[in-house]
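This report describes the surroundings of a ligand in a protein, then a set of individual residues. Please look at the sequence and the structure before reading on.

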Amino acid sequence: MTIENRTALITGGSRGIGRAIATALGFAGWNVAVNYASSAAAAQETVEHIAAHGGQAHAIRADIGRSADRKLLITETVARFGKLDLLVNNAGIAPTQRMDILEATEESFDRLIEVNLKGPYFLSQLAANAMKSNAPGPDQRVGNIVTISSISAYTASVNRGDYCVAKAGLAMMTKLFAARLAELNIGVFEIRPGIIATDMTAGVKEKYDTLIANGLTPIRRWGQPDDVARAVLAIAEGRFAFSTGQVIDVDGGFHLRTL
Ligand code: NDP
């Protein structure tokens, strides 16, 4: 099986980290399904960027927080490219407003859990069932599932508790699916980005500029979407064939505790 007929679905591939992942895979010869929620023009830009470099990509609108949309996402990917080999659970949202956990609303909590946790959970279920009957790829696997969580999976930020709880849930989700899908030859990985320059962090840029300059991360620079994309590509290329459930920190060393 050649890489040319392998297909990846990237949720939230229209902007930021997802766009970098979609582009990296598209440039590497993967067929890429670029999911988005509302930014149709941005998704189309990602698709055209990949096509301009000779790749195959297709944009699919779907709100991953909705059950019917998740089903459509998988069905349309398989209809368009024949099968699914790699799911990247990347799409995610921050709370509309950062609020202290003594004040934060149930509405925000419900939406964050729906998009950031329930979406990837049931999309992983659908993807695994779609991958089961694939022929093995270069890593002897029939598929891989990569979830983009966050350093918020283990770092308490009391003004966005809903985001942290959802990301912590993704860490357990990765373990669960890794344990269940090993016998089906599907690899499952979690990538934990640190502070990455995207629209999501644009509003807190100055705060993080200062924190980074003062040593918040041992590697004193902002992460770029491409830093995350390179890690996904390594998994996609089958470099981790005897690993599963692995957490890969792409965080400039944030997770190190130093004294
Ligand atoms: P952006 O806000 O730049 O992009 C978010 C992407 O997710 C967009 O493509 C957006 O689509 C899509 N999206 C949002 N909601 C939905 C939905 N309901 N259904 C489908 N797609 C949706 O975010 P980032 O690129 O910064 O973040 C990507 C992931 O990385 C997120 O899970 C985030 O939590 C995580 N992360 C980010 C960090 C950072 O510092 N930036 C750090 C750690 C983790 P549309 O364009 O249509 O709105």
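## The ligand and its pocket

The ligand sits in the largest pocket of this predicted model. A pocket, on a 1 Å grid over the protein atoms alone, is an open set of points where a 1.4 Å probe fits, with protein on both sides within 12 Å along at least five of seven lines. A molecule sits in a pocket if more than half of its atoms lie within 2 Å of the pocket's grid points.

Several elements give two or more residues each to the shell around the ligand: α1 (16-27), β2 (31-36), α4 (106-131), α5 (161-181) and α6 (199-202). The largest share comes from α6, with 3 residues. Helices (H or I, at least four residues) and strands (E, at least two) are DSSP runs numbered from the N terminus.

## How the model is read

Residue numbers start from 1 along each chain as its sequence is written, and side-chain values use heavy atoms, with hydrogens and water left out. As the model is predicted, local features need pLDDT of at least 70 and side-chain atom pairs count only at pLDDT 80 or more, while totals for chains, interfaces and linings use all residues.

## Residues around the ligand

The ligand is surrounded by 32 residues, and the closest are S14, S38, S39, Y163 and T198. A residue is near a molecule if one of its heavy atoms lies within 4 Å of it. By class, the shell holds 14 nonpolar, 13 polar and 5 charged residues. Here Ala, Val, Leu, Ile, Met, Phe, Trp, Tyr, Cys and Pro count as nonpolar, Asp, Glu, Lys and Arg as charged, and the others, Gly among them, as polar.

A polar side-chain atom of S39 is 2.6 Å from a ligand oxygen. I196 contributes through its backbone, where an N or O atom lies 2.9 Å from an oxygen of the ligand. On its own the ligand has 900 Å² of accessible area, and the protein covers 95% of this. Such areas come from the Shrake-Rupley method with a 1.4 Å probe; for residues, only the protein chains shown count as cover.

## Buried threonines

T11 lies in the loop between β1 (7-10) and α1. This residue counts as buried because its relative accessibility is 1%; buried means under 20% relative accessible area, exposed over 50%, and partly exposed in between (1.4 Å probe, protein chains only). A polar atom of the T11 side chain lies 2.8 Å from the backbone nitrogen of N90.

T217 is in the loop between α7 and α8 and is buried at 4% relative accessibility. Its side chain reaches the backbone oxygen of I219 at 2.8 Å. T147, in strand β5, is buried as well, at 1% relative accessibility.

## Loop residues with positive phi

Most residues other than glycine have a negative phi. Q140 has a positive phi, near 70°. Its place is the loop between α4 and β5 (143-148), and Q140 is exposed, with a relative accessible area of 55%.

N185 also has a positive phi, near 65°. This residue lies in the loop between α5 and β6 (186-193). With a relative accessible area of 39%, N185 is partly exposed.

## Separations along the chain and in space

R220 is in the loop between α7 (205-213) and α8 (225-236) and is exposed at 56% relative accessibility. R220 and G253 are 33 residues apart along the chain, and their C-alpha atoms are separated by 9.4 Å. I191, in strand β6, is buried at 0% relative accessibility. I191 and A156 are 35 residues apart along the chain, with 18 Å between their C-alpha atoms.

D100 is found in the loop between β4 (86-89) and α4 and is partly exposed, with a relative accessible area of 36%. D100 and A79 are 21 residues apart in sequence and 44 Å apart in space, C-alpha to C-alpha.

Technical notes
A polar contact is a pair of N or O atoms within 3.5 Å; within protein, one must be able to donate a hydrogen and the other to accept it, and residues adjacent in sequence count only if both atoms are side-chain atoms. On a 1 Å grid over the protein atoms alone, a cavity is a set of points where a 1.4 Å probe fits but cannot get out, and a pocket is an open set with protein on both sides within 12 Å along at least five of seven lines; lining residues have an atom within 4 Å of a point.
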